[in-house]
Amino acid sequence: MIQGRVEPGVSPILPANGAPRPERPGDPCLLVVFGATGDLTKRKLLPALFNLRSMGLLPAESAVVAVVRKPLDDEAFRVEATEAIGRFATGPVDPAAWADFRARLHAVSGDLGLAATYRELADRLAILDSQLGTRGNVLFYLATPPEVFAPIVARLGEAGLTRAGEDRWRRVVVEKPFGRDLESAVALNRDLRATLREDQIFRIDHYLGKETVQNLLVFRFANGIFEPIWNRRYIDHVQITVAEELGVEGRGGYYDRAGVVRDMIQNHIFQLLALVAMEPPSTLAGEAVRDEKVKVLHAIRPSPPERLLATAVRGQYGAGFAGDHALPAYQAEPNVAPGSRTETFAALRVDVENWRWAGVPFYVRSGKRLRRRDTRIVIQFRRPPLLLFRDAGLADVEPNRLEILVQPEEAFAVTMKAKIPGPAIRLQEVTMSFSYRDFGPIAQATGYERLLYDCTVGDPTLFHRADMVEAAWRVVAPVLDLWGSLPPRDFPNYAAGTAGPAAADELVARDGRRWIDP
Ligand SMILES: NC(=O)c1ccc[n+]([C@@H]2O[C@H](COP(=O)([O-])OP(=O)(O)OC[C@H]3O[C@@H](n4cnc5c(N)ncnc54)[C@H](OP(=O)(O)O)[C@@H]3O)[C@@H](O)[C@H]2O)c1
């Protein structure tokens with residue numbers, strides 16, 4: 001049995017954003033994975049597809065076709081997949097369920113630059129379609145390095161494989177990174193759209209598959225008490241923190257070319273920011289949510305370089321400790337260039353210039369090798385207008401705040417003041433909180449199930465749209481330009497296992513604020 005199988009009333013595939021949606025299986029389809037010998041496929045995609053099939057959300061009329069460069073037949077791919085499931089399944093594997101799924105795995109191998117490979121793929125898809133009744137629907141998943149996203153899509157187009165019809169769909173999932181700057185993102189979007197319509201492109205962000213992230217919309221728009229105070233009149237500022245305890249974990253080569261702004265802030269953090277700041281959409285279906293999210297990104301004021309010197313902080317970790325355990329410096333990690341100037345930490349002040357948020361700073365920060373793993377959103381409300389408790393020696397009452405915890409704990413908490421029982425007026429901070437654990441056991445999942453399911457039913461809500469990607473790059477471009485032209489003088493400037501560089505504290509302290517940490 002799959003561990004934590006769906007409890008009555010609690011599904012790992014909750015309807016997105018609270019939108020009522022019957023839990024029907026996805027459409028019959030073939031799932032074609034490019035890069036199927038890679039880490040992502042083994043660690044996430046195969047376990048997620050297996051979970052979906054076990055939950056009945058991937059129909060019997062479905063199969064997976066790996067397209068690989070090395071010689072690999074169906075049986076050899078099935079052996080590799082069985083080994084991967086043995087390592088990365090999210091729960092105990094039911095042998096009958098695995099036998100059913102294993103038989104659905106197929107492989108086509110060849111040079112991905114040659115038209116012949118795509119002709120062979122087309123032939124194989126046609127055979128499987130007629131055997132299984134997949135109605136001509138195909139989902140192509142690009143789990144390859146980004147350099148080959150556009151060439152593969154072009155070849156698929158030339159082979160006629162991306163052509164949708166009245167009663168059949170063709171969709172393509174694109175993995176991040178969506179470019180490494182504005183120019184390359186625009187070029188990638190242009191290249192993809194030379195073959196595909198925008199509604200065929202599913203730019204996937206595994207962060208948006210997390211329950212708490214999806215629940216942000218439920219929290220905001222299904223609870224009437226917060227929306228009236230969700231604005232500049234009542235909110236002082238917002239903090240978004242994505243802190244990682246881990247270092248670059250064998251991905252030094254990739255990370256050294258990226259850095260935290262490209263790896264984390266431009267995509268995941270800006271998506272969280274957009275969910276917090278967006279206006280209520282007119283509906284939770286189709287494009288309405290994405291339309292509102294992109295408006296937030298367009299409303300972020302671009303900062304001139306002289307202002308960025310005060311509103312953008314970068315850092316890189318040096319050697320440090322986690323308890324007694326010594327941690328290496330970033331520059332000593334494998335495949336990181338000696339003397340690297342890549343930032344492993346960044347903190348930014350972001351100003352959303354619209355009617356709701358003018359004057360309310362959003363402070364965002366993210367880093368590697370920090371003290372603890374912690375992703376949280378803090379909404380700090382304004383101070384009470386009168387300090388009535390000054391005479392009781394309480395000149396400075398901390399304002400209320402709402403904290404939305406995304407990982408490792410999934411919860412939300414409101415912090416308030418309460419009087420400690422007794423004759424004197426003494427206040428204490430108390431919290432009202434809810435943890436998603438209180439829902440009872442929630443099925444273990446990879447985080448990709450929900451997103452893959454949405455691809456098979458054609459729901460783009462949780463995926464990046466071209467204009468969102470470009471708008472987010474426009475915001476970080478001045479930061480990257482400035483940092484590119486002004487080499488850091490103080491790297492490494494924080495020790496591994498600490499809270500990050502002191503300059504990040506100074507960034508908020510200049511505005512009379514402080515970071516809220518667990
Ligand atoms: N791993 C994750 O958790 C994760 C998370 C988020 C996003 N991503 C993104 O997902 C993609 C795949 O990541 P990964 O970690 O699985 O990488 P990986 O382990 O390096 O695997 C890359 C895969 O792409 C294939 N490939 C490499 N160069 C190719 C080329 N020139 N033409 C065609 N295929 C080629 C490889 O095939 P060979 O075996 O033939 O070399 C392999 O199957 C990347 O875009 C990455 O940014 C990964």
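These notebook entries record what I looked up in the structure, which is a predicted model.

**Entry 1: the domains**

I began with the domain assignment of the chain, which gives domain 1 as 16–204 and domain 2 as 208–383 + 466–509. I then looked up the separation of domain 1 and domain 2, and found their C-alpha centres 31 Å apart. For the contact between them, I noted 16 residues of domain 1 against 17 residues of domain 2. Which helix gives the most to the side of domain 1 that touches domain 2? I found that helix α6 (residues 182–193) does, with four residues. I also recorded the classes on this side of domain 1: seven nonpolar, four polar and five charged residues.

**Entry 2: helices α6 and α13**

I next followed α6 to helix α13 (residues 466–485). The two axes come within 9 Å and cross at roughly 170 degrees. On the α6 side I listed Leu182, Ala185, Val186 and Asn189 as making the contact. On the α13 side I listed Ala466, Val469, Glu470, Trp473, Arg474 and Ala477. By class, I noted seven nonpolar, one polar and two charged residues in this contact.

**Entry 3: the sheet**

I turned to the open sheet of six strands and wrote down the order β3-β2-β1-β4-β5-β6, with parallel pairing. Which strands stand at the edges? I found β3 (105–109) and β6 (201–203) there; each has a single partner strand, so one side of each is left without a neighbour in the sheet. I recorded an average twist of 20 degrees from one strand to the next.

I then examined the pairing of β3 with strand β2 (residues 62–68), which is parallel and runs over five bridges. Within this pairing, I noted that valine 64 stands opposite leucine 105 in β3. I also looked for a helix at these strands, and found α2 (residues 74–88) lying across β2 and β3. I recorded the direction of α2 as about 120 degrees to β3.

**Entry 4: the ligand**

Finally, I looked up the surroundings of the ligand. I noted 20 residues around the ligand, of which Gly35, Thr37, Gly38, Asp39 and Leu40 come nearest.

Notes: Residues are numbered from 1 along each chain as its sequence is written. This is a predicted model: local features need pLDDT of at least 70, side-chain atom pairs count only at pLDDT 80 or more; totals for chains, interfaces and linings use all residues. Two strands pair if DSSP finds at least two bridges between them. Helices (H or I, at least four residues) and strands (E, at least two) are DSSP runs, numbered from the N terminus. Axes are lines fitted to C-alpha atoms, for helices over the stretch in contact, and angles run from 0 to 180 degrees between N-to-C directions. Two residues are in contact if their C-beta atoms, placed from the backbone, lie within 7 Å. A residue is near a molecule or strand if its C-beta atom, placed from the backbone, lies within 6 Å of it. Domain bounds come from an automatic or database domain assignment. Ala, Val, Leu, Ile, Met, Phe, Trp, Tyr, Cys and Pro count as nonpolar, Asp, Glu, Lys and Arg as charged, and the others, Gly among them, as polar.
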